[in-house]
Amino acid sequence: MKKVVTSGNKPIDKKVRYAVFNRNDRLIRKGMFTASEIQQYLNQKAHEGKSYYAIELKGLNRKLTAKELKPLEDKIKRKNPELPAKDLTDLKALFKILQTKPAWEGMIKAYHFDTALREEIPLSIWKKMGGDTL
């Protein structure tokens, strides 16, 4: 009998979506990999002297509807006076991504937001992007 090694509750040979970044948090590539493939890729890059890391992208594989995006759009329109201009710009960029691309693509942008800015993303949208919740 062959035993399947799993990490958590996922079969180890199941392909999942990852985004790979360099040490400056620049997106290097995104794609479907097994856990062992992504590990091999990161190890290979480390041997080449490149410091890369990967995040799993668990969000929805579809664009969010205008109705689903409304809470974020409203938040941007209200322009919280405590929100720095850069944060508002980042939220607008996230909104644009979510209007045109699958929800998981938003996490590539939002992953690098600081905690305070992430908390500005409405929970319903955060979950659809694949964000973890407590």
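## Asn80 and its loop

With a relative accessibility of 28%, Asn80 counts as partly exposed (between the cut-offs of under 20% for buried and over 50% for exposed, with a 1.4 Å probe and protein chains only). Asn80 sits in the loop that links H2 and H3; helices here are DSSP runs of H or I with at least four residues, strands are E runs of at least two, and both are numbered from the N terminus. Its C-alpha atom lies 9.7 Å from that of Glu120, 40 residues apart along the chain.

## What the model is

This is a predicted model, where local features need pLDDT of at least 70, side-chain atom pairs need 80 or more, and totals for chains, interfaces and linings use all residues. Numbering starts from 1 along each chain as its sequence is written, and side-chain values use heavy atoms, leaving out hydrogens and water.

## H3 against H4

The axes of H3 (residues 85-100) and H4 (residues 103-110) come within 8 Å and cross at roughly 160 degrees (lines fitted to C-alpha atoms over the stretch in contact, with angles from 0 to 180 degrees between N-to-C directions). The two helices are therefore roughly antiparallel, a label for angles over 145 degrees.

On the H3 side, Asp90, Ala93, Leu94, Ile97 and Leu98 make the contact, while H4 brings Ala103, Glu105, Gly106 and Lys109 (contact means heavy atoms within 4.5 Å).

## Around Ile121

Leaving aside residues up to four places away in sequence, Ile121 touches Leu91, Leu94, Ala110, Phe113 and Trp126.

How values were computed. Parallel < 35°, antiparallel > 145°, perpendicular 65-115°, else oblique.
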